[in-house]
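Please look at the sequence and the model before reading on.

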Amino acid sequence: MSKNISIAIVIFAVLIIQISFIEPFVVGIAPISVVVLFLTLLAFRLELIPLLWWSFLIGALHEVYSIMPFGTFIVITIITSIVLYYLLKNLLTNKSLLPFVLMAITGSIIYNLLFFAASVLFYYTNSLTITIYQIPHLWSGILVQAGVNGISALILFLLLRTLTKRFQNQFLVRK
Amino acid sequence: MKQKIFNIRINVLLLILVATVLLVFLHSVGILRPVENAIFYVLRPIEKITYNAGLRFFASENIKSAVELGRNNQELQNQLSNALIENARLHSLMTKSEVLQQEVEYLKTNNYEFQAAQIIGKSPHPGTQLYILDRGTNDGIAVGMPVVYKEGILVGKIVEASENDSNMILITDSNSSIGAYVQNSTNSPGVVVGKLGLSLEMQLIPQSEEILTDQIVVSSGIEENIPEGLVIGQVSSISNQTEELFQTASIQPPVTLDRLQIVSIIIR
C-alpha cells in the first residue's frame, strides 16, 4: 500500500516538474522528459499489469492539462509503456545499465513520435481548434531529448544504485 | 474445471481500454469536470512554486522582488493606461498626427477592467505556446480575452477557460493572428502572426505603405475583445519585394514572451 502511495506521489511530482518547471521555458520539444524517464523506470521495475495501471494514471493526469481530445495522452502513455516493457523482456533482456539507458532513449523517441502522429491525425480530422503539429525543430528536438534522457537515465541509474539497496540486485555485477 | 478464455494480460488490457472509454465518456458529458477542477485546485499552489522556481532557474534576470510584483499588480491598470498614453504621445511627437491625438484621448477615457493572473505551467504540447493561468471562468475569464503584460504589452489571448484555470496562447504561436497597424503617418494596417512560437511577423501590409524599422506596432481593435492600441512590438526588419502583393515585417516583442510570470487579462 505504501509503495503504491509513493508511486502516486512521485507521479504527481513528475507531472508538475514537467508542466511547471521544464515545459514553460522551452519552445518546441523539451530537452528532457521526466515523464518518459519515470515510465522507463516503471517498465524496468514493474510487471506489465501494474505498469499499465500506473501508465493509465499518468496519462489521465496529463489529460487535465491537455487541449487534445480526452484519452489521447492515456493512449500515448500506455503504448509507450507496452513498447518499453516488451523491449526489455524480448530484446534487452537484462536489467543492467545499458538496457536502462536504451529504454530511456527509445521511450523518448516513441513518446514524441506518437504525440506527433496524434497531432497530425487531429489536424487532418479537424478535431482541434488549434494546430499543434507544427513543432519547431521537431527532429532535432526529438534527438536532443533522446540524448538528454539517455544521459539522465545514466545518472538516475547510478544514483539509484548508490541509494537503493533493493535496486542493486537487479543489475549485472562483474564477478 | 474452469477454462481460461483470455490471458490475464489481455483481460487487463481490455479493462484499461474500458476504463479509458469510460473516462472519455464521463469527460465529454462533464461529470469528470469537478474531479479535474479539484486536481487542478489542489496542485495549483505547488505548480506556482514550481513555476517560480523554474523562472528563477532559467530566467533569473527577469525576476523582481515580491514586493515590487505586488505593487505592480495593484497599479497595473494605471500603468497600462499610462504606458499606452505614453506610447501614443511618443508616436504623436514623431508624426504630429491629429488621429493619434484622438487615440490619446480615446485611451485616456477608457478604463479597462483587469484580472491579474499568474502563469503556473504550460500545456504538454510541444508544438504550441499554450500557457496555463491560475484564473478561470470563476474570475470572469472568457475565451478571446486579451492578455497583457506590465505596461500594456499584448502577449496573448485566452483560448480555453475552465472554472479555476485557463489557457493563454502566446502571440508568437503559429495559431495566433492579430489585426494590427504600424504607428506611422498612415497607420499602415496588417496582421501580426506568430511564427512557430519563435518570432512575430506582420503580414498583409499593402505595398503602397511606407514602414520603417523601429516603428511601433499596436493592435488595431478589429477583434471583438482586443482593444485598439495595445503594444505588440517594434518593426525590426522589412521585406518588400516588388513582385509580392504585400509587404511583410519582422516584429520584435518588447519582452521575452516565454519568461513571463504575472500577466493581466482585460475583462472589459
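Among contacts in chain B between residues at least 6 apart in sequence, what percentage join residues at least 24 apart? The share is 56%, where two residues are in contact if their C-beta atoms, placed from the backbone, lie within 7 Å. This is a predicted model, in which local features need pLDDT of at least 70 and side-chain atom pairs count only at pLDDT 80 or more, while totals for chains, interfaces and linings use all residues. Residues are numbered from 1 along each chain as its sequence is written, and chains are lettered from A and ligands numbered from 1 in the order in which they are written.

**Chain B and its strands**
- Chain B contains five helices and 12 strands; helices (H or I, at least four residues) and strands (E, at least two) are DSSP runs numbered from the N terminus.
- Of the 268 residues in chain B, 39% are buried, that is, 20 or more other C-beta atoms lie within 10 Å of their own, with C-beta atoms placed from the backbone.
- In strand β12 (residues 262–266) of chain B, four of the five residues are buried.
- Strand β1 (residues 114–122) of chain B runs antiparallel to β12(B) and is joined to it by five bridges; strands pair if DSSP finds at least two bridges between them.
- Within β12(B), Ile262(B) is the bridge partner of Gln118(B).
- Strand β3 (residues 146–149) of chain B also pairs with β12(B), antiparallel and over two bridges, and Val147(B) has Ile265(B) as its bridge partner.

**The nonpolar core**
- The largest nonpolar core has 102 residues; such a core is a set of buried Ala, Val, Leu, Ile, Met, Phe, Trp, Tyr and Cys residues joined through C-beta atoms within 7 Å.
- Ala43(A), Val148(B), Val155(B), Val192(B), Val217(B) and Ile232(B) touch the most other members.
- Leaving aside neighbours within four places in sequence, Ile232(B) is in contact with residues including Leu154(B), Val192(B), Val217(B) and Ile251(B).

**Where the chains meet**
- In chain A, 34 residues are in contact with 43 residues of chain B.
- The elements of chain A that give two or more residues to this side are α1 (2–22), α3 (48–65) and α4 (72–92).
- The largest share, eight residues, comes from α3(A).

**Helix α6 of chain A**
- Helix α6 (residues 138–163) of chain A has 26 residues and should span 38 Å at 1.5 Å a residue, the expected span being 1.5 Å times one less than the number of residues.
- The end C-alpha atoms of α6(A) are 36 Å apart, which agrees.
- Buried residues of α6(A) include Ile142(A), Asn149(A) and Phe157(A), and what covers the buried residues includes α2 (34–45) and α5 (97–124) of chain A.

How values were computed. A residue is buried if 20 or more other C-beta atoms lie within 10 Å of its own, exposed if 12 or fewer, and partly exposed in between; C-beta atoms are placed from the backbone.
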